[in-house]
Amino acid sequence: MVPVEVLEVGGEGALWKFLLSGAMAGAVSRTGTAPLDRAKVYMQVYSSKTNFMNLLGGLRSMVQEGGVRSLWRGNGINVLKIAPEYAIKFSVFEQCKNYFCGVHGSPPFQERLLAGSLAVAISQTLINPMEVLKTRLTLRRTGQYKGLLDCARQILERDGTRALYRGYLPNMLGIIPYACTDLAVYEMLRCLWLKSGRDMEDPSGLVSLSSVTLSTTCGQMASYPLTLVRTRMQAQDTVEGSNPTMRGVFRRILAQQGWPGLYRGMTPTLLKVLPAGGISYVVYEAMKKTLSVVGSR
């Protein structure tokens with residue numbers, strides 16, 4: 001979602017500073033946790049009842065196939081899409097905040113939920129092709145693609161333009177449970193902090209990091225089945241040579257693996273939340289201080 005302090009931005013002059021800070025924080029944190037991210041995608045796609053794969057097994061398989069450097073496959077485009085993703089998200093968020101929240105004067109929770117969800121939905125709509133490319137590059141075998149452009153060319157030649165929007169529906173549906181859970185948990189923690197009699201206007205870094213980490217974890221758990229289905233749809237053509245639908249992927253997962261199958265890859269997802277959040281928080285705050293941005297989450 002969008003950092004809380006962006007709500008307080010009075011003009012668009014400081015928006016580029018939040019954009020640059022967020023993009024840099026995202027790039028560094030994603031690079032630092034890329035092996036866990038690739039392990040998650042690998043387990044989501046290849047793990048099954050007959051081929052059960054834990055975190056260590058997934059990491060071992062990837063290293064055996066392509067060496068240690070293979071743990072960072074797909075990270076280039078993951079970092080490349082951060083800047084446009086943040087730019088679209090922050091810009092749309094600012095416009096939605098001014099239009100909806102300024103007119104109706106909604107409470108902070110509703111403001112963030114409405115403006116944030118719309119911002120994420122629009123940014124993900126425009127970024128979805130890059131998500132598909134990221135998934136394909138993350139799962140690629142050694143020598144399968146020569147690079148980003150070659151991957152895009154092969155997808156277009158084999159599957160057409162529609163393939164770049166594989167997983168779009170579960171991606172959009174996942175925004176609602178993620179946003180509601182993330183914001184609800186964060187607001188609950190904020191209320192508990194206020195009731196403790198302490199100053200929420202200037203919480204310690206540990207309190208901010210803990211709140212963000214816990215709320216993000218709960219949000220990811222709420223939307224994880226849809227995230228898994230999205231990833232399977234984006235990779236399905238490569239894995240099974242089919243034209244998958246969201247309902248078809250759901251049915252296949254439940255038939256082959258049962259309800260636990262909807263949470264394949266959850267372990268690396270949970271393990272990367274704290275380091276990713278910590279790295280992101282430290283870099284974000286350092287960038288804000290460097291750019292003289294006032295305010296903190």
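Tutor: What follows is a set of questions about a predicted model, each answered by setting a value against a definition.

Student: What is the pattern of the chain along its sequence, and how many helices and strands does the chain have?

Tutor: The chain has eleven helices and zero strands, and the pattern along the sequence accordingly reads α-α-α-α-α-α-α-α-α-α-α. Of its 297 residues, 51% count as buried, and the accessible surface comes to about 14300 Å², of which 62% belongs to carbon and sulfur atoms.

Student: Why is Val68 called exposed?

Tutor: Exposed requires a relative accessible area over 50%, and Val68 is at 55%, so Val68 counts as exposed. Val68 sits in the loop between α3 (55–66) and α4 (75–80), and together with Val63 and Trp72 it makes a nonpolar surface patch of about 260 Å².

Student: Why does Ser123 count as buried, and which residues is Ser123 in contact with, leaving aside its neighbours within four places in sequence?

Tutor: Buried means under 20% relative accessible area, and Ser123, in helix α6 (residues 108–139), is at 0%, so the label buried applies. Once its neighbours within four places in sequence are left aside, Ser123 is in contact with Glu85, Ile88 and Lys89.

Student: Why is Ser210 called partly exposed?

Tutor: The label covers values between the 20% and 50% limits, and Ser210, which belongs to helix α9 (residues 205–240), has a relative accessible area of 39%, so it is partly exposed.

Student: How do you know that α2 and α3 are roughly perpendicular?

Tutor: Angles of 65 to 115 degrees count as roughly perpendicular. Helix α2 (residues 34–46) and α3 pack at an angle of about 100°, and the two are therefore roughly perpendicular to each other. Their axes are 9 Å apart, and the residues that meet include Pro35, Leu36 and Tyr42 in α2, with Leu55, Leu59 and Met62 among those in α3.

Student: What makes the pair Asp37 and Lys40 a salt bridge?

Tutor: A side-chain nitrogen of Lys or Arg has to be within 4 Å of a carboxyl oxygen of Asp or Glu, and for Asp37 and Lys40 the N to O distance is 3.3 Å, so the pair meets the definition. Both residues lie in helix α2, three residues apart, which is about one turn of the helix, and both Asp37 and Lys40 are buried.

Student: What is the N to O distance between Asp37 and Lys272, and why does this pair tie together separate parts of the sequence?

Tutor: The side chains of Asp37 and Lys272 meet at 2.9 Å, N to O, which is again a salt bridge because the limit is 4 Å. Asp37 lies in helix α2 and Lys272 in helix α11 (residues 266–290), so the pair ties together parts that are 235 residues apart in sequence. Both Asp37 and Lys272 are buried.

Notes: Residues numbered from 1 in each chain as written. Predicted model: local features only at pLDDT ≥ 70, side-chain atom pairs only at ≥ 80, totals over all residues. Heavy atoms only, no water. Patch = residues over 30% accessible without salt bridge, like charges linked within 9 Å, V, L, I, M, F, W, Y side chains within 5 Å. Areas by Shrake-Rupley, 256 points an atom, 1.4 Å probe, with all protein chains shown as cover. Helix = DSSP H or I, 4+ residues; strand = E, 2+ residues; numbered from the N terminus. Buried < 20%, exposed > 50% of the residue type's maximum accessible area, 1.4 Å probe, protein only. Axes fitted to C-alpha atoms, helices over the stretch in contact; angles between N-to-C directions. Parallel < 35°, antiparallel > 145°, perpendicular 65-115°, else oblique. Contact = heavy atoms within 4.5 Å.
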